[in-house]
Every structure is written in C-alpha cells, then in structure tokens.
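Thanks for asking me to look at this one with you. Please open the sequence and the model side by side before reading on.

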Amino acid sequence: MVTIDLTLNNFSELPILIDLLGRFGNDYEYTTKGIFRRKIPPLCPNCNNPMVHNGYNSYTKQGLGEVNIGRYKCSNCSSTQEEDRSFWEDLKILLLDSFNDFFQLLRYHNVSYDGISSIMDFIFPRSRSTILREFNKQMEQENLPELKNIRMMHYDEQHPKEGRCQKYRLTLLDAKTQRPLADELFDDKSSETIKKFLQDNLDTSEPVFIVTDFDPRYAEILKEVFGDKLVHQYCLMHLNKLIVRDFPRKTTIEQELLKYRLLNIFYNRENEIKFLEKLKSEERNVVENEKKQKQWIKIAKKEFDEFRHKLKLQRRRNKENLPLHSLEKAKSNFEELMKQIRTYEEVIQKRLWMINKHWLNLTLFHYLPGAPATNNPIESYYSKSLKTDSKKQFRTDYGIENQIRLAEMKRSNLFKKPEKSLIELFRLFIPFKF
Ligand SMILES: [Zn+2]
C-alpha cells in the first residue's frame, strides 16, 4: 500500500489519507511536504529512460484546500511528466455531487434558486447561476421510470331514485377512451361498497390516476384500495363551482373581481379580470351618489356578462376549452391571493386555506402528460350529451418539466440519501488545507 509519511501535524489525518490513497500500491508515497508521487520515478514514456523527481504542481479547490502532485523529468530527453491526480478530482466530484443532490431536494421543496444560494452561503457559497446550471445538468441525466402505462380514470356518483327507493350509481370512466369501465347501481354508498366496486373493476396492483370531486371520504377510501399506486386528482371544475357558490348571487364589482381572481388560480381568466379592473376604476366616478352607483353597477354587470358571453362564443368557434394556467403561473396567482388573505371575508379565507391544503391533489394532472384535470367527461356521460371534453394539451416550459420530473422522482423514491454528510465530506479535505 501507498506509503504515507506522517509528521506530528498530519498524524490525525492518517485515516482520511488511507481512505483516499489506499488504492495506490506501495510504489507510491505521500511525503511530509504533502506531495503525492511515485517513490521511484517511472520510465520516460518518450525514450524509455529513467526519470527523476522534479518538484510538484499544486491544485487548489477554492475554500477547501490544495494538493501537490509530483512531477518527473527525463534525464535523457528532458520531457516532464506529472503523476495521476484522479483521487483529487474524485474527491471534488464526491462533494459537488452531494451538493447537487442537496439542490434537487431543495428544489423539490420549492426553494428558489436565490433561496438555495442564500442557504449555501452558510455552507459553501455557490452563486444562483451555478446552482441553476448544475441543477439543470443533473436533471437531464436522471433516468425516470416510464409512467406512460398509468391507468387514467374518472370516478363519480349519482343518487337517482327508483320509484321511492333511493339508489346509488357508481361510475368509473376511462379517461383515454372516454368510455365507462363500470357503471352500477347499489342500495347504499358506504365506504365498503365503494371499495368493493373499485377492487372489482380495477387492478389495484397497478398505478392509477383517478379524478374525483371533493367528497372527503374519497381520499381515505382510494388510499386504502390503491396505497402508493394512487395518484389522486381533485376535479378543478368542482372547485370552480365551490368558488362561485362562496359569493352572493348579486356581487359588487369588487366581489366579482375577487371571484375571478380565485377562478384565475387554475384557469386563465385574465381577460375577465382586465375587464373588471377597468370597471372598478370607472366605479370611482359614481361612489358619491348611492342611487347612481346602484344603477351603474347594474349596467356594468350587464356589460361584463356580455363580455363573458362573447369570450365563450369565441372559444366555442375555435373549439377551445377554457385554457389552464401552467403550474408555475397557478402557484404565483395563488400566492398573490394569499398575501392579502386577511382582507377577505371568512368564507373566502376558508376556501383559500382549503386550496392550500389540497394543492398537490389539485395540480397532479400537470405531472402526467394528457392527464385530465376535471371530471367533465363523466358529467357529460351522466348528462348523456354528446359533448365531450377533448383531451387537453398542456404547455409546459423547461422549469415546469423539471418540477414534474422531481415529483416523479419523489414518487419513485429516487432522491438520494447522503452517504456522507457535508461535514464528513469537508473533513476529507483537511489533509489538504492551506
Ligand atoms: Zn525521455
């Protein structure tokens, strides 16, 4: 094994040096001056004559330490050679890889690049742009298991009456084929009935994406049936209905604006918001006279209804659904609303906290290309209309794709637990400190 010449100063560093240099044979030495080289210089690769020791080259890792790599010179042809320094490069990579795993974990928890950079100031300063570059590089190298074969389903219930007898219709609709997989009537809708219905109709050992409404029992039932195989999406259309119901039927322009800002969390309602903001600024001119104001609001609301109707017709002409925001846009819209949550009525505050609590289950559709965000297909199936929710195309930019990949990595248990803590990694550099 490599010979390590110890001084009183580096005596305690022996275990680390053995760990790093142990793989080199006994023709190598680590001198008291900290030079790593061969005891007997090798033969010259050019002329095959013996070489002699010829000082060293220093390599520095900023803030951590420096290593001296032995140099050899040929006494015949004067060419110089340098000893292999791969152990030093490996040591740096060990630390930087651990940083990258740390960055991934922080990104998964939605820490911004600026935030990570500020945290790193406590540990080992890294600039925002370095972190961004390293993170993206690492993400490109991740190999994720294919989730293409995940089954996508809609689940819903109806409560029809058969004569005087209350019945419960449970339905599973395949999101890809838009066809019912199972549609049965039961005398009750107990948790056991729903569980058995799901178990009878779906392979519970395979991953499944299911859209449901907000019935609080579903989360528990589905979890029990599918365990970790479950990706549970709450229907955004149902959420929209709940939001609309939170507001009085006769709203002020201010209330209407807040309503649309809530609807704008997930769906693009920017046009409506712009229109309402313009109305709100005009309202200032009539606030002194209550009667005048009432009349004005009536007219303004009518204008707004006409505007909405126009947008709807336009979408229908272009065969478009109401467009969904990107995940990042939804998050920033939501955060904007949360900033002023104390100024809203209690019912609105409650709604926002509810969205906050269920955020993941409201946004899971973003993580699977082509996954539905609503139970519209099952609603149409129930209403027997011919109209179906065409498959939505989600625009995703690079940042969101990485966010999607991080969530998939989390689901697939791909995050690495550190083998060595950062402190332990830093200790490996002690023998090389300046
Ligand atoms: Zn030579």
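1. Some ground rules come before the details. This is a predicted model, in which local features need pLDDT of at least 70, side-chain atom pairs count only at pLDDT 80 or more, and totals for chains, interfaces and linings use all residues. Residues are numbered from 1 along each chain as its sequence is written, and side-chain values use heavy atoms, leaving out hydrogens and water.

2. Let's look at confidence. The protein chain has an average pLDDT (the predictor's confidence in each residue, from 0 to 100) of 86, and 93% of the residues score at least 70. Helices here are DSSP runs of H or I with at least four residues, and strands are runs of E with at least two, numbered from the N terminus. Confidence is highest in helix α7 (residues 236-246), at a mean of 96, and lowest in helix α15 (residues 398-411), at 66. Over residues 385-398 the pLDDT is below 50. Where pLDDT is low, the predicted coordinates should not be read in detail.

3. Now the zinc ion. Its donors (N, O and S atoms within 2.8 Å of the metal, or 3.2 Å for Na, K and Ca; water is not among the atoms, so sites may look incomplete) are the SG atoms of Cys44, Cys47, Cys74 and Cys77, at 2.3 to 2.4 Å. The angles among these four donor atoms are 99 to 123 degrees, and the site is tetrahedral; that label requires all angles to lie between 85 and 135 degrees. Along the chain, the donors follow the spacing C-x2-C-x26-C-x2-C.

4. The cut-offs are under 20% relative accessible area for buried and over 50% for exposed, with partly exposed in between (1.4 Å probe, protein chains only).

5. Next comes an open sheet of five strands in the order β11-β10-β7-β12-β13, with mixed pairing. Two strands pair if DSSP finds at least two bridges between them. The edge strands, β11 (180-186) and β13 (230-234), each pair on one side only.

6. Finally, follow β12 (residues 208-212). Four bridges join β12 to β7 (residues 151-158) in parallel, with Met153 opposite Ile210 and His154 opposite Val211. On β13, Leu230 is the bridge partner of Val208. Val208, Ile210 and Thr212 point one way from β12, Phe209 and Val211 the other way, and all are buried.

Note on methods
Contact = heavy atoms within 4.5 Å. Tetrahedral: all angles 85-135°; square planar, octahedral: opposite > 155°, others 65-115°.
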